[in-house]
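I opened the notebook today to look up a few spots in this structure. Here is what I noted, one entry at a time.

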Amino acid sequence: MKIESITFQHLSMPLVSPFETSFGRETDRECILITIHSEGLIGYGECVASRDPGYNYETTGTALHILKEFITPLIIGKDIKGALDFQERVSGIRGHHLAKAGVEMALWDLLGKREGKSLRELLGGVREKVEVGVSIGIQPSAQNLVKSVTDYVKQGYARIKIKIKPGRDVDDASAVRKEFPDLRLQVDANSAYTMQDARILTPLDRLNLLLIEQPLFEDDIWDHHKLQEQFETPICLDESIITPRHARYAIEMKACRIINIKAGRLGGLSQAVMVHDLCKNVSMPVWCGGMLETGVGRASNIALASLSNFILPGDISASDRYYVRDITNERFILNSDSTIDVPRGAGLGVTIDEDVLKEFTLSKISFSSKA
């Protein structure tokens with residue numbers, strides 16, 4: 001695929017409601033839309049970096065720098081054969097996985113459109129609809145949290161994830177469990193605990209949770225191994241798994257029993273599939289995490305989650321969970337069985353609402369090949 005031009009649009013989109021985690025509170029979601037033109041086709045990708053370096057070190061600002069100054073010169077005017085060829089070309093750029101993943105997503109979209117295949121077909125997905133859940137940020141009180149959970153259960157979500165942090169953990173989870181004894185419930189700490197203070201989480205073992213996600217430091221695999229030995233509830237790793245190699249470390253160390261796969265965190269869909277396959281080979285379940293994506297990234301996540309070892313519901317959610325107005329013309333709707341249909345169109349299977357995109361664009365820059 002000859003890369004003729006590439007455009008980066010820095011977006012800021014208002015969320016339906018604030019989303020708070022252990023590392024901060026968002027009222028507007030920033031991201032970067034990547035548009036690549038090749039041989040009469042247009043491919044879209046989403047870099048899911050946000051404004052602040054809370055989830056990881058990348059931000060929209062650092063991502064734009066890497067995209068413009070380092071990734072673009074490696075692909076503009078070049079004939080890119082596919083995702084693995086792209087990964088080889090950018091292998092000299094250490095880290096910056098969110099930036100790389102956004103470009104790779106656009107390449108997959110182009111490839112699907114060129115071959116007339118959906119992303120699900122390209123990746124080898126086996127499902128036409130995927131199980132999903134909803135992620136709920138930290139609320140003002142346990143009572144507010146229970147009310148929020150109640151609202152989402154009424155909407156049809158059969159799996160709920162709640163964010164926790166020191167001081168807002170066991171009591172919050174217990175309140176939800178008391179109200180919903182049979183709900184598929186999990187908690188996410190986003191690296192908020194140390195090995196010492198994680199002992200306060202021991203009562204979570206009595207709440208029949210699906211999993212406890214990333215309680216310890218984002219770069220820690222060994223202490224998660226020690227912590228998992230103390231819990232019956234499966235530990236799930238998210239931030240710690242930044243490459244297929246780290247997934248292998250976690251599996252061999254028995255640091256977790258479940259892995260959350262985010263293509264952005266791993267550097268692209270190709271790397272996400274590698275982690276999926278690695279976990280499948282050892283019968284370790286995986287699920288698809290979310291980063292408050294627009295319809296572009298959401299389409300990619302849904303297609304990824306159609307692979308066979310995505311056994312647990314993903315943090316994908318319907319479009320209206322986060323945005324009143326999205327940049328895609330297509331909206332993702334929650335089915336009555338807590339699933340979302342996988343897009344069937346070529347590539348990502350979504351188109352852009354140019355009016356909405358223009359409204360939410362903070363800046364835009366384009367690069368073209370000289371040939």
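**Entry 1: a helix pair.** I began with α8 and α10, and found that α8 passes α10 in a right-handed crossing. Keep in mind that I am reading a predicted model. For the geometry, I noted an angle of about 20° between helix α8 (residues 244-253) and helix α10 (residues 269-281), with the axes 9 Å apart. Angles under 35 degrees count as roughly parallel, so I wrote down α8 and α10 as roughly parallel to each other.

Next I looked up who makes the contact. From α8 I listed P244, A247, R248 and I251, and from α10 Q271, M274, V275, L278 and C279. Sorting the residues of this contact gave me 7 nonpolar, 1 polar and 1 charged.

**Entry 2: N301.** I found N301 in helix α11, which covers residues 295-304. Is N301 buried or exposed? Its relative accessibility is 7%, and buried means under 20%, so I put N301 down as buried. The side chain of N301 has a polar contact of 3.1 Å with the side chain of E293. Beyond four places in sequence, I saw N301 touching C288, G289, G290, E293 and I316.

**Entry 3: G77.** I then went to the loop between α1 (60-75) and α2 (83-89), where G77 lies. With a relative accessible area of 26%, G77 is partly exposed. Which residues does G77 contact, leaving aside neighbours within four places in sequence? I noted K2, I3 and S369. I also checked G77 against A158: they are 81 residues apart along the chain, and their C-alpha atoms are separated by 47 Å.

Terms used
Residues numbered from 1 in each chain as written. Predicted model: local features only at pLDDT ≥ 70, side-chain atom pairs only at ≥ 80, totals over all residues. Heavy atoms only, no water. Helix = DSSP H or I, 4+ residues; strand = E, 2+ residues; numbered from the N terminus. Buried < 20%, exposed > 50% of the residue type's maximum accessible area, 1.4 Å probe, protein only. Polar contact = N/O pair within 3.5 Å; in protein donor to acceptor, adjacent residues only side chain to side chain. Contact = heavy atoms within 4.5 Å. Axes fitted to C-alpha atoms, helices over the stretch in contact; angles between N-to-C directions. Parallel < 35°, antiparallel > 145°, perpendicular 65-115°, else oblique. Left-handed = near helix turned anticlockwise from the far one by under 90°. Nonpolar A, V, L, I, M, F, W, Y, C, P; charged D, E, K, R; others polar.
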